[in-house]
Amino acid sequence: MADNADLLALLAEMKKSMEKGQEEMKKGQEEMKKGQEEMKKGQEEMKNEIQSHVESKVGEIKDHVNSCIEKIEEDVQSVKREIGEVKGEVERKIEEVEDKVQGKIEEVKEKVQVKIGDLEKRLSELEDRPINFPANPDLTYSRPTVKSLTFDGQTSWTVFKTQFDVVSSANGWNNRVKASQLVASLRGSAAEVLQGIPSDKLTDLMTIENALEARFGDSHLTQFYRTELKTRRQKPGESLQVLAADVERLMSLAYAECPQDVRDSLAAQYFVDAIRDEDTQHATRLMDAKDLKSALAYSMKYEAAKTCFQNIPKCKIDRGRG
């Protein structure tokens, strides 16, 4: 019986220990659950804190970006205003140059008209002046009223012949007198041509002119003038007006037989190819001028505008960085 009592006491004690252990375990689980809840609460608080911090930084970045954008827009508007001012200045300078060029053109036209008027008046006086020939007009003639010219073979025969015909007409020479005057005007290598003409033909105008044409005529120099046109380039210090005048001179020698519209177009092309400044050449080429006069006028305007623009101080813009 005593043994049973001891066993029961032991079982009661073990049951009590187990119940106590269960209570402690339950208590531990409750503490663990409470710890988990506190940890979850801490995570939520940290999450909220991080989100709040991120939103604050994003707001600051947006404000900074908006500030930078406003600054850039202000700079762009400032640049636009300065470009407008420079453009206005360039346009004003171009207008001034156009006015000056137009004034010079009008001045030259007036002078040319005056010269033409003087020449017409002199020709009229010469035509009205009576010319009294002796009985044999083939042998004698009136005293020349316009000084005779000279030709040495070093200048253009075509140009000389044109001038000689004008002088002959002004002086009222017949063909026999013209032949004598032409022979008397020859110098140097041109005079040597007379050695190949029979003596009885030295008073025949057509024979003398044909001999000079064969020796000094421009027809055999056509290819030479065309090559010179193709290789012509503006020289340092040479103005566009001088260049255009020389191109026009070469065109009259190289393409004398071409229609006027073809000559005008070719002259414009050769002029553009000869321009020394690449910017002026490119701009004038894009303009696609139909004649030399238009190409010259545009290239002069562009050159004047470019010179004017280069003399304007460059604008300096202080671009602050936020």
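The buried residues of α5 are Leu 205, Ile 208, Glu 209, Leu 212 and Phe 216, where buried denotes under 20% relative accessible area, exposed over 50% and partly exposed the range in between (1.4 Å probe, protein chains only). They lie on the same side of α5, because they cover an arc of only 95 degrees around the axis, the arc being that of the directions from the helix axis to the C-beta atoms. The model is a predicted one, in which local features require pLDDT of at least 70 and side-chain atom pairs count only at pLDDT 80 or more, whereas totals for chains, interfaces and linings use all residues. Residues are numbered from 1 along each chain as its sequence is written, and side-chain values rest on heavy atoms, with hydrogens and water left out.

The buried residues of α5 pack against α2 (157–171), α3 (175–185) and α4 (188–192), contact being defined as heavy atoms within 4.5 Å. On the face of α5 turned away from its buried side are the exposed residues Met 206 and Ala 214. Helix α5 comprises twelve residues (205–216), and its end C-alpha atoms are 16 Å apart, in agreement with the 16 Å that it should span at 1.5 Å a residue; the expected span is 1.5 Å times one less than the number of residues.

The secondary structure of the chain consists of ten helices and zero strands, helices being DSSP runs of H or I with at least four residues and strands runs of E with at least two, numbered from the N terminus. Of the 322 residues, 22% count as buried. Among contacts in the chain with a separation of 6 or more, 60% are accounted for by residues 24 or more positions apart.

A nonpolar surface patch is formed by Leu 7, Leu 8, Leu 10, Leu 11 and Met 14, with about 490 Å² of accessible area together. Met 14 is found in helix α1 (residues 2–128) and, at 45% relative accessibility, counts as partly exposed.

Thr 284, in helix α9 (residues 278–287), counts as buried at 1% relative accessibility. Leaving aside neighbours within four places in sequence, Thr 284 is in contact with Val 272, Ile 275, Ala 295, Tyr 298 and Ser 299.

Conventions:
Patches are made of residues with over 30% relative accessible area and no salt bridge: like charges are joined within 9 Å, nonpolar side chains (Val, Leu, Ile, Met, Phe, Trp, Tyr) within 5 Å. Accessible areas come from the Shrake-Rupley method with a 1.4 Å probe; for residues, only the protein chains shown count as cover. A salt bridge is a side-chain nitrogen of Lys or Arg within 4 Å of a carboxyl oxygen of Asp or Glu.
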